[in-house]
Amino acid sequence: MSAPTPPVFHRPVLWALLALLLLWLPILLRGADSYVILDDNLDAEVSVPVLLHRFGVALDYRPEATIPAIMNGLPRSAQRPGLNVTVGLFSLLPPLAAYWTNDLLVRATALLGLYLLLRRYGLRRPQDRPLAAALALAWAVLPMHSMYGLSALGTPWPALALLNLRAGRGRWHDWLTLALFPLWSMLVLAGFFLLAGFGLLLLADLLRRRRLPLAAWGGVGVLALGYVVVEWPLLSSTLLRPQFVPHRVEFRLAELTPKGLKAGILSSWQYFMWGQYHASRFFRGIILLTLPVAAWWRWRRAETDRGWEAGTMSALAGLVLLAVFCGFYPQLMGPVQRLAPSLGAFNLSRFHFLTPLLWFGLWVLALRQLPAGGLRTGLVTLQLLLGLAQNPEWSQNLRRWAGRADAHEPSWQQFLAPELLTRVRQRLEQRSGQPAARWRVACLGLPPAVAQLSGFYTLDSYQSTYPLSYKHRFRPLIAGELARSPELQRYFDDWGSRCYLFSAELGRHFRVARRDSLTVQHWRFDAAAFRRLGGRYVLSAARLARPAEAGLRSVGYFTGPGAYWGLYIYEMIE
């Protein structure tokens, strides 16, 4: 008698992996003309591993290690760890190849993780293998920020390992999964909340069932220890030997969001129905539609066991409570921060990174009640198509193949415009007689990451954490514009992760395309403060009508075929 086939080699899951590859093939074939998520991704995250390797500090955890091209030397400890798999891929491949390799590997790993979880705990019958594979494919195509690794869609792996340990059937590979998961996920996004979530589950076991599964607690410990090892630079520099006071201590989330009961309910509704942008934002309507359909089928079969209804309602109530907590969280933090202001540096609403898996778990409970056939297949297919449609990288690239590219969503090549930025840098190096490392620039209407990737050293940047002292030194440059716009003043003073040059006339329009042809009539820029920080040139995607008012003079206008930007270059008036 032959041995059973391991779950990862079942034919349905292999077909699902092939389908994933074929779905992503049109993206990969576009090369540099492919669309990559811009917000909080290409304008911030992609430059991080590139610069870590460019300056040779990916694994340099010395307190004095910095990234010179960012903010006059951003402390290395403010960036993600060098042991992270995503960072490692950028050392092996060119940036674009590393990005799409990471994205595809994350999705394939997520697909396998959910399939194994479902085969063990949701859909165990052999005839359910195709359904488990289809659900895993629908999971793997959901929108996500793949630069965060497995933080969102990879959660089935630690869930499977810890559930196995909790049930007393853990194996060596479960321990290995928990030890390795921190290498490809982020503590501040998923790790802390996974640990908290599983910790609460085990505490509930102890209180309700008087069970104390030591192996599961050991698994939580291994996961925590893995994060300590991988994220040691962050933990050491913030908790043990603080290297700087982070700008996050001045976060005032309550000042950045609408207040009141109506605003909180609306935000909760959005969390419940769509989720959060970084943690896989997709419409939950298909899952919610499946619940009454499943209840109707149970009624038709005259089911007398009410355990399903109780379990489903409990899970749904838990998701509602979590959505309400996230929706009202900024308002809740207002009175808390009046007592302990620095608590604003922590964002406990990131429990939403756990909600996509919880929603799919609820969906499986409903789908199991339906007979195999057209109805169940139709619901899963509909969710698969909906996930693809809501995935901006898939849908935007499909539009490009159809010749209907969105003019406001440029491709990798158009956004980074390496030929244009390199030409500008070389022109300024010739003009100054010095390499770019000897002077500093700042950007208006252009994400600084674009300049950083082309060899510029920028005073401005988009960073999740950086020294508070630098924020205070940078503020005088834009104080005049902040005074003209209460919205921008709140945006910078109560958040400030976008440490940018602002213009009240542009508002929060941080990507001024060449086709926009915008002109700033009056710009209250503090040239003296700019000089004190080492600034020499301003790269502006909008034309300054009166640069002399800002202590600047024009160097010229630069653009190029296919570039998203038209750049006006200004230099300090000596």
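1. The second largest pocket of this predicted model holds about 1500 Å³ of space. A pocket here is an open set of points on a 1 Å grid over the protein atoms alone, where a 1.4 Å probe fits and protein lies on both sides within 12 Å along at least five of seven lines; its volume is the space filled by probe spheres set on the points.

2. Of the 32 residues that line this second largest pocket, Leu163, Phe198, Leu201, Leu357 and Leu358 are the closest to its centre, where a lining residue has an atom within 4 Å of a point. Helix 9 (187-209) is among the elements that give two or more residues to the lining, and with nine residues helix 9 gives the most; helices are DSSP runs (H or I, at least four residues) numbered from the N terminus.

3. By class, the lining of the second largest pocket has 23 nonpolar, five polar and four charged residues. Asp, Glu, Lys and Arg count as charged, Ala, Val, Leu, Ile, Met, Phe, Trp, Tyr, Cys and Pro as nonpolar, and the others, Gly among them, as polar.

4. Helix 14 (residues 285-300) packs with helix 15 at an angle of about 165 degrees, their axes lying 12 Å apart, which makes helix 14 roughly antiparallel to helix 15 (the term is used for angles over 145 degrees). Axes are lines fitted to C-alpha atoms over the stretch in contact, and angles run from 0 to 180 degrees between N-to-C directions.

5. Residues are numbered from 1 along each chain as its sequence is written. Local features need pLDDT of at least 70, side-chain atom pairs count only at pLDDT 80 or more, and totals for chains, interfaces and linings use all residues, while side-chain values use heavy atoms, with hydrogens and water left out.

How values were computed: Angles under 35 degrees count as roughly parallel, over 145 as roughly antiparallel, 65 to 115 as roughly perpendicular and the rest as oblique.
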